[in-house]
Amino acid sequence: MRPFTLGRLADIIRLVRAFRGARIEDVEEAMMINKSRAAELLRQAEEMNLVKREGELYYSTSLGNTFFEAYSRGDRAKLDEVLSEYPPYFAVKSIISQRSVDIEELKNLTNLTEVAVDIILRLLQYTHDNLCFVSERVYLSVNELPKLDTFYSVLKKAYFELSKNSQWGCSNFFVRVDKVAALVCQELRLSKDDFSKMLSKLVNSDVYLDLHSEGTGYAFIPFANRKIFPSTYKKCYIRLRE
């Protein structure tokens with residue numbers, strides 16, 4: 001199956017509803033696509049139970065009508081509910097709602113092809129604002145922030161793991177924030193904005209943590225306000241004392 005969008009599926013439902021039963025040739029002509037692509041999109045919609053076939057004609061199902069109306073309203077919550085009836089979508093969503101995974105893991109866990117996984121992730125990107133891609137791993141970020149001690153425990157583990165290796169020839173006490181953020185976000189399923197919020201809370205606690213910006217020749221300059229944002233992660237460093 002070649003990639004498709006929710007808009008393409010909505011076009012299919014619109015057509016079969018308007019024709020009150022459409023043939024492959026009707027879809028081919030109306031959407032100005034070749035016959036094989038028209039047949040492919042109809043098969044996909046049928047697999048998702050959005051249309052049903054009776055002889056040469058395709059009709060919208062009740063689920064298809066719900067999908068079309070939700071898409072027309074921009075109701076992403078309802079679209080997610082409808083798409084969750086499609087097993088591959090539900091399987092991928094269930095996995096990334098629990099932990100971060102890479103594409104290879106998703107393929108193995110769901111028995112889907114890489115193309116199919118990519119299609120499902122594109123659908124989830126439309127229905128979920130909290131879909132995160134961090135260092136080739138994907139997950140749905142949590143709705144509630146973790147406790148500060150949990151965040152600190154995971155950050156400390158990531159920091160000392162990364163500090164075992166020299167950071168581009170400079171002191172390994174200084175670890176680049178983006179490296180730490182990637183590991184912490186993946187472990188706790190945080191967005192980068194939420195990581196920044198938690199880090200801000202942490203630096204204002206009694207934890208021995210310093211934030212530094214990169215100066216000339218790897219001279220590290222302490223942050224005056226001790227706040228950083230995702231856009232500056234690569235030029236910021238953490239120094240943590242046990």
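pLDDT is the predictor's confidence in each residue, on a scale from 0 to 100. This is a predicted model, in which local features need pLDDT of at least 70 and side-chain atom pairs count only at pLDDT 80 or more, while totals for chains, interfaces and linings use all residues. Residues are numbered from 1 along each chain as its sequence is written, and side-chain values use heavy atoms, with hydrogens and water left out.

The protein chain has a mean pLDDT of 90, and 90% of its residues reach 70 or more. Over residues 216-224, however, pLDDT stays under 50. For that stretch the model has 21 contacts beyond four places in sequence, a contact being heavy atoms within 4.5 Å. Where pLDDT is low, the predicted coordinates should not be read in detail.

The helices and strands named below are DSSP runs, numbered from the N terminus: helices are H or I with at least four residues, strands are E with at least two. Helix axes are lines fitted to C-alpha atoms over the stretch in contact, and angles run from 0 to 180 degrees between N-to-C directions.

Begin with helix α1 (residues 6-19) and helix α2 (residues 24-31), which pack at an angle of about 120° with their axes 11 Å apart. Angles under 35 degrees count as roughly parallel, over 145 as roughly antiparallel, 65 to 115 as roughly perpendicular and the rest as oblique. α1 and α2 are therefore oblique to each other. Their crossing is right-handed; a crossing is right-handed if the near helix is turned clockwise from the far one by less than a right angle, and left-handed if anticlockwise. On the α1 side the contact is made by Arg-8, Asp-11, Ile-12, Leu-15 and Phe-19, and on the α2 side by Asp-26, Val-27, Ala-30 and Met-31. These residues divide into six nonpolar, no polar and three charged. In this count Ala, Val, Leu, Ile, Met, Phe, Trp, Tyr, Cys and Pro are nonpolar, Asp, Glu, Lys and Arg are charged, and the others, Gly among them, are polar.

Leu-63, Thr-66, Phe-67, Ala-70, Tyr-71 and Arg-73 in α4 meet Lys-78, Leu-79, Val-82 and Leu-83 in α5. By class, this contact has seven nonpolar, one polar and two charged residues.

Next comes the sheet. Three strands form an open sheet in the order β3-β5-β4, with antiparallel pairing. β3 and β4 are the edge strands, each pairing on one side only. Two strands pair if DSSP finds at least two bridges between them. Strand β3 (residues 101-102) and strand β5 (residues 137-140) are joined over two bridges, and Asp-102 stands opposite Arg-137 in β5. On the other pairing, strand β4 (residues 131-134) and β5 share four bridges. Here Val-134 stands opposite Arg-137, and Phe-133 has Val-138 as its bridge partner. β4 and β5 form a hairpin with two residues between them, and Ser-135 in the turn has a positive phi of about 50°.

Helix α6 (residues 87-96) packs on the sheet, touching β3, β4 and β5, and its direction makes about 90° with that of β5. α6 also packs with helix α7 (residues 103-110), at an angle of about 125° and with axes 11 Å apart. That makes α6 oblique to α7. The crossing of α6 and α7 is right-handed. Ala-91, Val-92, Ile-95 and Ile-96 of α6 make the contact with Leu-106, Leu-109 and Thr-110 of α7. This contact has six nonpolar, one polar and no charged residues.
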